[in-house]
Amino acid sequence: MKIGKNVTPRLVNDKEPVAVKLVSLDPYTQMNSFGEVAWRAYILELVPEDTTIRPFKTRMYLVDKTDASFEKIDDRFLAMIERFNDFAAEQYGKEEYDITDLIGSTFVVEVTYSKAGHLPYINLIKINSMPALEDNDNNGHGLGYLVTEHE
């Protein structure tokens, strides 16, 4: 008889640093029961490198939670984006990139759960890579250059 190594993936623990890959970054609008906008945020879907940890999502709110342009992002997400900007400039020499170029990035986050039981919050610890900014045969542009949809 063979003993399988299949382990049911667990939730990431509170305050646990975990290496993740960003697989989706989507704007999201939550409506209230009256059909009015309750809040808007970016929903980040993260897949841990450790396959024994279940993939999870987190939300990054906007400053004005009803901002339909999705441009006025909260300080927490803004600080994260600024760190990615610095990383892109230092590692890849890219001063500008599209927000969708963050998809596929690998980094380490610390996960914190709220007492209300909503989606967990993340604090960025370390950025490892931004594959969309790596040069390839696309005339020196990264993989995400002029691509409107990522898989």
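1. Met 80 counts as buried because its relative accessibility is 7%. For that term, buried means under 20% relative accessible area, exposed over 50%, and partly exposed in between, with a 1.4 Å probe and protein chains only. Between the C-alpha atoms of Met 80 and Ile 122 there are 9.8 Å, although 42 residues separate the two along the chain.

2. A word on what we are looking at: this is a predicted model, in which local features need pLDDT of at least 70 and side-chain atom pairs count only at pLDDT 80 or more, while totals for chains, interfaces and linings use all residues. Residues are numbered from 1 along each chain as its sequence is written, and side-chain values use heavy atoms, with hydrogens and water left out.

3. On the overall layout, the protein chain contains five strands and one helix. Read from the N terminus, the order is β-β-β-α-β-β. Of its 151 residues, 37% count as buried.

4. Now to the core. Which residues touch the most other members of the largest nonpolar core? They are Phe 77, Met 80, Phe 84 and Phe 107, in a set of 31 residues. Two or more residues each come from β1 (17-31), β2 (37-48), β3, α1, β4 (106-112) and β5 (121-129). Helix α1 gives the largest share, six residues. Such a core is a set of buried Ala, Val, Leu, Ile, Met, Phe, Trp, Tyr and Cys residues joined through side-chain atoms within 4.5 Å.

5. Lys 15, in the segment before β1, has a positive phi near 70° despite not being glycine. Lys 15 is partly exposed, because its relative accessibility is 48%. Phe 70 belongs to the loop between β3 and α1, and its phi is also positive for a residue other than glycine, near 60°. With a relative accessibility of 14%, Phe 70 counts as buried.

6. Finally, the surface. Asp 74, Asp 75, Glu 82, Asp 86 and Glu 90 form a negative patch; patch residues have over 30% relative accessible area and no salt bridge, with like charges joined within 9 Å and nonpolar side chains (Val, Leu, Ile, Met, Phe, Trp, Tyr) within 5 Å. A salt bridge is a side-chain nitrogen of Lys or Arg within 4 Å of a carboxyl oxygen of Asp or Glu. Asp 74 lies in the loop between β3 (56-61) and α1 (75-92), and is partly exposed because its relative accessibility is 31%.

Key: Accessible areas come from the Shrake-Rupley method with a 1.4 Å probe; for residues, only the protein chains shown count as cover. Lys and Arg count as positive and Asp and Glu as negative; His and the chain ends are not counted. The place of a charge is taken as NZ of Lys, CZ of Arg, CG of Asp or CD of Glu. Helices (H or I, at least four residues) and strands (E, at least two) are DSSP runs, numbered from the N terminus.
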